[in-house]
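User: I would like to go through this structure term by term, asking each time what a label rests on.

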Amino acid sequence: MYDCRQFFINGEWLTPAGRKESLVINPATEQPVGRILLGTAEDVDVAVKAARAAFVTYSQTTREERIALLERIVKVYEANIDRLAQAVSDEMGAPMTLAVQAQAGSGFRHLSTALTILKDFEFEERLGTTLIAREPIGVCGLITPWNWPLNQISCKVAPALAVGCTVVLKPSEAAPVTAHIFAEILAEAGVPKGVFNLVDGDGPGVGSALSSHPDIDMVSFTGSTRAGVLVAKAAADTVKRVSQELGGKSANIILEDADVAASVAHGVNWMMTNSGQSCNAPSRMLVPANRYDEAVEVARKTAEQLVVGDPKAAGVTTGPLANKLQFERVQALIAKGIEEGAKPVIGGLGRPEGIDKGYFVKPTIFAGVNNEMTIAREEIFGPVMVLIPYKDEADAIRIANDTVYGLSGHVHSKNLDNARRVASKMRTGMIHVNGAARDMFAPFGGYKQSGNGREWGREGFKEFLETKAMMGYFT
């Protein structure tokens with residue numbers, strides 16, 4: 001059992017004011033693997049006071065001092081990769097290969113990327129006789145989800161510390177263990193007291209208090225669009241900056257001239273990574289109507305190759321969903337798809353054959369789908385993909401954009417100019433052309449109800465900065 005019943009505040013592990021215990025459940029076994037205490041508004045206030053006091057001095061540190069700090073954090077983090085991977089597998093069910101390379105690995109890459117960017121980031125520029133200065137925004141409340149815990153913690157904490165902000169982190173109460181290890185890493189690396197603080201809790205108890213606290217200058221939130229709306233409303237009274245990375249229903253357009261077999265297989269495998277629990281998952285595959293049957297068969301055969309099972313077992317590609325609530329939601333949406341006339345060509349309701357416990361879902365591919373169906377409009381957040389036929393390129397673009405979301409998208413074509421043209425017409429914050437991988441230096445974020453602001457890279461730094469114009473600074 002992971003014992004995480006203390007909060008990290010002002011450089012110390014403290015017993016919180018809140019005494020309500022919450023168990024961390026291993027989704028593969030449905031058994032407890034850890035325990036935390038749920039914080040209160042009083043705990044948030046203590047942490048914010050520590051961060052506010054620390055900001056006075058930390059905001060004045062030099063670039064070189066912060067580079068040295070990040071270098072130490074990267075070194076200690078790398079030494080703990082295996083420990084972090086084990087914890088993330090235990091708390092949210094990631095298969096070990098994914099846990100090491102993608103889950104824990106993403107944290108290392110974000111920290112390393114922030115270090116690289118910090119070394120030559122332009123905090124000042126001259127505009128005639130005016131100095132434009134970019135200064136740390138202040139105390140930042142960071143609220144992170146359970147699906148990619150280390151990715152989301154590190155892509156917020158790294159730029160915040162890099163530019164001189166102090167932070168209070170509320171990790172998901174469903175996957176808090178990795179956050180506690182992350183706090184231990186920062187403490188070992190010598191993060192000054194009060195610069196990084198961790199308070200466990202749920203949305204109503206801690207998230208709301210953090211979002212509405214008058215001494216929080218910025219809230220960075222990753223989660224559902226529904227919860228994001230609540231965060232924004234809580235933050236509105238104090239007019240603080242709110243940066244949000246929310247839901248998605250990303251389209252993957254397979255153009256007429258694409259290699260259907262390769263493109264469809266790539267799309268299925270990308271979709272099923274992390275058991276489909278990614279906000280940018282390409283959950284709507286759009287294929288030419290005259291090649292629809294071919295695409296469906298390729299998708300089915302690709303999904304057949306996925307190995308669902310114990311995340312600790314060798315060869316397993318697909319673990320459980322991270323918690324019971326998500327399992328029940330995905331089952332309900334699969335049932336809704338069947339009820340509305342969609343056909344599961346593989347997968348469907350229930351656990352995979354031979355598995356009788358754990359929050360495992362059959363990798364499911366739906367055919368016979370149109371863009372008005374519930375499974376084509378709602379974010380499912382599980383290993384469920386829909387294939388939608390289109391008539392021509394204009395129809396594909398129309399369907400792709402016919403969603404309240406706009407986080408990510410894909411387009412495949414043998415002709416790069418065709419892919420570029422279609423990509424330019426997709427209303428979404430990110431596009432992967434012909435299977436291009438994620439770029440840690442590129443901005444991550446979306447249009448419409450997928451959020452506002454950007455994370456990752458130089459744009460991620462800017463989220464944590466205020467801009468000051470000093471006229472007459474130069475003569």
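Analyst: A polar contact is a pair of N or O atoms within 3.5 Å; within protein, one of the two must be able to donate a hydrogen and the other to accept it, and residues adjacent in sequence count only if both atoms are side-chain atoms. This is a predicted model, in which local features need pLDDT of at least 70 and side-chain atom pairs count only at pLDDT 80 or more, while totals for chains, interfaces and linings use all residues. Residues are numbered from 1 along each chain as its sequence is written, and side-chain values use heavy atoms, with hydrogens and water left out.

User: What does the side chain of K170 reach?

Analyst: The side chain of K170 reaches the backbone oxygen of G201 at 2.8 Å, and a polar contact asks for N or O atoms within 3.5 Å.

User: Why is K170 called buried?

Analyst: Buried means under 20% relative accessible area, exposed means over 50%, and partly exposed lies in between (1.4 Å probe, protein chains only). K170 has a relative accessible area of 3%, so K170 is buried. K170 lies in strand β9 (residues 166-170), where strands (E, at least two residues) and helices (H or I, at least four) are DSSP runs numbered from the N terminus. Leaving aside neighbours within four places in sequence, K170 is in contact (heavy atoms within 4.5 Å) with residues including L142, V199, D202 and L210.

User: Why does I117 count as buried, and which residues does I117 touch?

Analyst: I117 counts as buried because its relative accessibility is 2%. I117 has its place in helix α4 (residues 96-118) and, not counting residues up to four places away in sequence, touches F441, G457, R458 and F461.

User: How do you know that the span of helix α6 agrees with what it should be?

Analyst: The expected span of a helix is 1.5 Å times one less than its number of residues. The twelve residues of α6 (residues 177-188) should therefore span 16 Å, and the end C-alpha atoms are 17 Å apart, which agrees. Nine of the twelve residues of α6 are buried, among them H180, F182 and L186. Just after α6, G190 takes a positive phi of about 90°.

User: What makes the phi of E30 and of S275 worth noting?

Analyst: Most residues other than glycine have a negative phi. E30 has a positive phi of about 65° although it is not a glycine, and S275 has a positive phi of about 55° although it is not a glycine either. E30 is found in the loop between β4 (20-26) and β5 (31-38) and counts as partly exposed because its relative accessibility is 29%. S275 lies in the loop between α9 (260-272) and β14 (284-288) and, at 4% relative accessibility, therefore counts as buried.

User: Which strands pair with β18, and in what sense?

Analyst: Two strands pair if DSSP finds at least two bridges between them. Strand β13 (residues 251-254) and β18 pair in the parallel sense over four bridges, and β18 pairs with strand β19 (residues 432-433) in the parallel sense over two bridges. V411 in β18 stands opposite I253 and also opposite V433 in β19. From β18 (residues 409-412), G409 and V411 point one way and H410 and H412 the other way, and all are buried.
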